[in-house]
Amino acid sequence: MIEEYSMTGRRIYPLILTHLNPDYFRNFTFSKQKIYYLDRRELKVNQHLVKLLINREHPSIQDDVSKYLFHFHTSCINKRLEFRALSLKETWGEGYNFDGFIDTEMRKYLNRKADYDPFAVCCTIRKRIEKLIYGKIVDMNSKTIFLDTHTTSKKLDFAESIGVIVPEAYYLLGIIYNDGMHWKKGQDNVSQIAAKLENLMIRYLIKDVFAQ
């Protein structure tokens, strides 16, 4: 059919209706996508957080932002000078200030306020899950390995390997805390995350995590 249409000078426009992240279909065949969200959500996004997500891989802050701000850690950093140099929110260079911000946004979400920041919520979920699992690890050496392990899924895998029971929901919520911690230029970064956060089952899972 494609060959027949091509010979007659006509074009085929495939329509993909899906709940999956459109990036999963971005390849050579579907390289020129036009994405439309049927359930488009308008949420307030803190521009300081957007700027941090955009600059998260800058060499001067990359390791510290990932390890201490976007993941749970028992230590606190002070990167105010580096944040100032990148024109980021300077006070967030100290971890407890950043945690105060994302915790406030999480309370808005749990209380069904309409003005929560979806990316802050994603970050809080990740840190909460990691903190809960860290608290179940008894051996201090294993605790250190857990903190030094990169990515949440690998942290959870390690915890399971040493006998910690990890609820399946912690893995399932990866569609929230993984997709929501990156900012890709030239696309709608908000709608897909907002739609997931408003899903009733996902709301139930998140509420359960913060009830523990």
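What percentage of the 212 residues in the protein chain is buried? Buried residues make up 41% of them, where buried means under 20% relative accessible area with a 1.4 Å probe, counting protein chains only.

## Basis of the model

This is a predicted model, in which local features need pLDDT of at least 70 and side-chain atom pairs count only at pLDDT 80 or more, while totals for chains, interfaces and linings use all residues. Residues are numbered from 1 along each chain as its sequence is written, and side-chain values use heavy atoms, with hydrogens and water left out.

## Fold and extent

The protein chain has 12 helices and zero strands, taking helices as DSSP runs of H or I with at least four residues and strands as E runs with at least two. Its C-alpha atoms fill a box of roughly 70 × 45 × 35 Å along the principal axes.

Among contacts with a separation of 6 or more, 58% join residues 24 or more positions apart, a contact being heavy atoms within 4.5 Å.

## Surface

The accessible surface, from the Shrake-Rupley method with a 1.4 Å probe, comes to about 12900 Å², and carbon and sulfur atoms account for 55% of that area.

## Cysteines

The structure holds zero disulfides, a disulfide being a pair of cysteine sulfur atoms within 2.5 Å. For C122, the closest cysteine sulfur is that of C123, and because the distance is 8.7 Å, the two are too far apart for a bond. C122 is buried at 0% relative accessibility, and C123 is also buried, with a relative accessible area of 1%.

Conventions
Buried means under 20% relative accessible area, exposed over 50%, partly exposed in between (1.4 Å probe, protein chains only).
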